[in-house]
Amino acid sequence: GGGAGKGGTKVAGWAWNEAYSDEDAVRKWPTLGREGELQTAIEEQRQRCKEVEAGTREPSAIDKWSAPPAVLQDLEVAFRVAPVGVGYLQKLHAFQQRVLAPHNAQLDSSLILCVAMMHPSWVQSGHHTARRLLLSDGARAKRDGIGPYIFDASPFLSEANARLEYLGDAVLKLAMTERLVQDSAPTAEEPLQTGKLKDLSVQRSMLENNHLLGLVGLTEWRLSPTMLATHVEFEQMRHAELKASNGRSTDWSPVSSEMLVAGDNRAKGHLSYAANCVEAVIGALALDRGSEVAVKYVQDAVMPALKRAASSDIYLRWRGLSFNPVSDLQDVCQGHWRKAPSYKTLSQHEQDGQILFHLGVYVCKGSSSSEVLMGVGQGSSIALARRDAATNALEQLLRDA
């Protein structure tokens, strides 16, 4: 990979981006001097690898990932090509002290916690930067160890937090199943009833859904400032959170909650990624401290948090009293009044670049043949607005009962 000019020149199979000049590359060339926090974390991991090699430390999965010398060398370069920002590891340390330490579940490796927060867009951004630097000055890039391979071939970075999330999802299911089975064991006073296992499956599916995990991540764990992502919708949510706090914080705010309730896709995406990070942290805990520690943490800390989230005002307003309010409202109406509810679009307008729909749901109550407006809902799609309207109608019927 030698240097390249503009106009579609290909190096190592990649096309040159005409919007990015050699002058840009020189100006944005990453400083390869040592960076305090991350360098310390990497040196600590190197020391752990030496202890494993000397036989004075039992190796964790993270130690095995780090064993080849080139792995940590490439990681150093990767964090300079795609920096996480000044003070980032301090934020992770604060997260550990706030969320993990009270349950004696701190991670030994801050590097793996950093990986748990990585969205694929962050890794892709670093990958593209490395390509541009290689195209700009191949000799210099080679000398500094810069190339797309530092992201593609790294056991830490190659799939962002996807592998940790995959493991965390499995640990979450195991921990929940174990606790629910323990709590439902039959006794002389309450023998096992037919269908009990089916009930347990329903309970587990209600607790492990991504909406609740995301709410725990954003409202209890306050993950928003530590999530690493570069895609546009993520940055828009960060901007909204900064604006809501007058520039003081990127924590999830009441403004963000209102965006979620209204069906804003940016807020939903933010929530979804927070759920991924929660599972990835659980996976990191299983790798770094062992599955027993991770299972205990889920049972002692995560499950109670999920139950709190399920009864929170924001969740009830967003998801409603039912997981399928449209179907439930139809069952109520047909069961009591022999007629299904009807939905009508009341208005639609643009808000923050999205179309917002307002729908009303009408019900024929009692013997009257005339329809009564029972609930109004809004959302970024007709389906979301219908769901919101049905939720509000169910709540009104509950109050009227």
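1. Lys-344 is partly exposed, with a relative accessible area of 41%, where buried means under 20% relative accessible area, exposed over 50%, and partly exposed in between, taken with a 1.4 Å probe and protein chains only. Lys-344 forms a salt bridge with Glu-371, and the closest N and O atoms of the two are 3.6 Å apart; a salt bridge is a side-chain nitrogen of Lys or Arg within 4 Å of a carboxyl oxygen of Asp or Glu. The pair links distant parts of the chain, since Lys-344 is in strand S3 (residues 342-351) and Glu-371 in the loop between strand S4 (354-363) and S5, 27 residues apart. Helices (H or I, at least four residues) and strands (E, at least two) are DSSP runs, numbered from the N terminus. Glu-371 also counts as partly exposed, at 32% relative accessibility.

2. Please keep in mind that this is a predicted model, in which local features need pLDDT of at least 70 and side-chain atom pairs count only at pLDDT 80 or more, while totals for chains, interfaces and linings use all residues. Residues are numbered from 1 along each chain as its sequence is written, and side-chain values use heavy atoms, with hydrogens and water left out.

3. The whole structure holds 10 salt bridges. In one of them, the side chains of Arg-46 and Glu-76 meet at 2.9 Å, N to O; Arg-46 lies in helix H2 (residues 36-54) and Glu-76 in helix H4 (residues 69-81), so the pair ties together parts that are 30 residues apart in sequence. Glu-76 counts as buried, at 12% relative accessibility. Glu-43, Arg-46, Glu-76 and Arg-80 are linked in a network of salt bridges.

4. A further salt bridge joins the side chains of Asp-300 and Lys-296 (2.6 Å, N to O). These two residues are separated by about one helical turn because they are 4 residues apart in helix H16.

5. Asp-108 lies in the loop between helix H5 (88-100) and helix H6 (110-116), and is partly exposed, with a relative accessible area of 43%. Leaving aside residues up to four places away in sequence, Asp-108 touches Arg-48, Arg-57, Asp-288 and Arg-289, where contact means heavy atoms within 4.5 Å. The C-alpha atoms of Asp-108 and Gln-45 are separated by 9.3 Å, although the residues are 63 apart along the chain.

6. Glu-235 is found in helix H13 (residues 232-244) and is partly exposed, with a relative accessible area of 38%.
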